Amino acid sequence: MSFISRVREDLSAARDHDPAARSNTEIAVVYSGLHAIWAYRLAHRLWLKGGAFQFPARAISQFARALTGIEIHPGATIGRRFFIDHGMGVVIGETTEIGDDVMLYQGVTLGGQSLAKGKRHPTLGDRVTVGAGAKVLGAITIGSDSAVGSNAVVVRDAPENSILTGVPARDRRRKPEEHEPAVDPAEYIDPAMWI
Ligand SMILES: CC(C)(COP(=O)(O)OP(=O)(O)OC[C@H]1O[C@@H](n2cnc3c(N)ncnc32)[C@H](O)[C@@H]1OP(=O)(O)O)[C@@H](O)C(=O)NCCC(=O)NCCS
């Protein structure tokens, strides 16, 4: 995927996730979450080259942190359509792995719990949302389609579709009736017909 296509996709993800988002130009200029993600993408490419490239990768990451208040280690692995809303105070550690369509709010830490080298940061599945101020700590896995509540502290693995709240976070599992009902094509009414 070309750099331009990826930028377009990021802008569209920002529009999808933030009802306050207006034009692409405005989003590209004022959304620090996107600036941090674009800096991360550049830094990550350098990081993967290894050796002497890792110093400039860290330098870009720290420069982006100074500008945006968002610290993403260039070694982290992050999927497509990632979005950080508001952003200030977000920290994403070196061995974090993030799936596609993940969204973080301000003050989120995806951090380690030990000083040991190797995998020590969380893995988030696809379509996970992490609320403001939440901490997800250690080499744990949060399953796809889960939500971490604001200010939760998550220190254990969680299966898909979890809703994690509190300190330490507990899984308030989604009841079947809380899932979005599948639309029966026979009953679907196109809203455009009322326009
Ligand atoms: C955790 C969360 C995903 C749950 O959403 P939901 O499934 O719609 O849950 P509800 O709002 O119906 O609340 C369900 C229960 O969880 C409780 N709850 C909701 N969020 C909570 C939180 N962050 N911490 C502790 N309890 C929480 C509610 O009080 C309610 O408890 P009750 O059943 O005893 O009444 C959501 O509340 C949340 O925290 N989202 C993050 C939003 C955010 O960070 N916004 C920042 C914008 S700048």
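A residue counts as near a molecule or strand if its C-beta atom, placed from the backbone, lies within 6 Å of it. With that in hand, start at the ligand, which is surrounded by His86, Tyr105, Gly131, Ala132, Ala147, Gly149, Ser150, Asn151, Ile163, Thr165, Gly166 and Arg172. Keep in mind that this is a predicted model, where local features need pLDDT of at least 70, side-chain atom pairs count only at pLDDT 80 or more, and totals for chains, interfaces and linings use all residues. Residue numbers start from 1 along each chain as its sequence is written.

Helices here are DSSP runs of H or I with at least four residues, strands are E runs of at least two, and both are numbered from the N terminus.

Let's stay with H3. Just past the helix, Gly50 takes a positive phi of about 75°.

Finally, the sheet: six strands form an open one in the order S3-S6-S9-S12-S14-S15, with mixed pairing (at least two DSSP bridges between two strands). S3 and S15 (170–171) stand at the edges with a single partner strand each, so one side of each has no neighbour in the sheet. S3 runs parallel to S6 (residues 103–104), joined by two bridges, and Phe83 stands opposite Met103 in S6.
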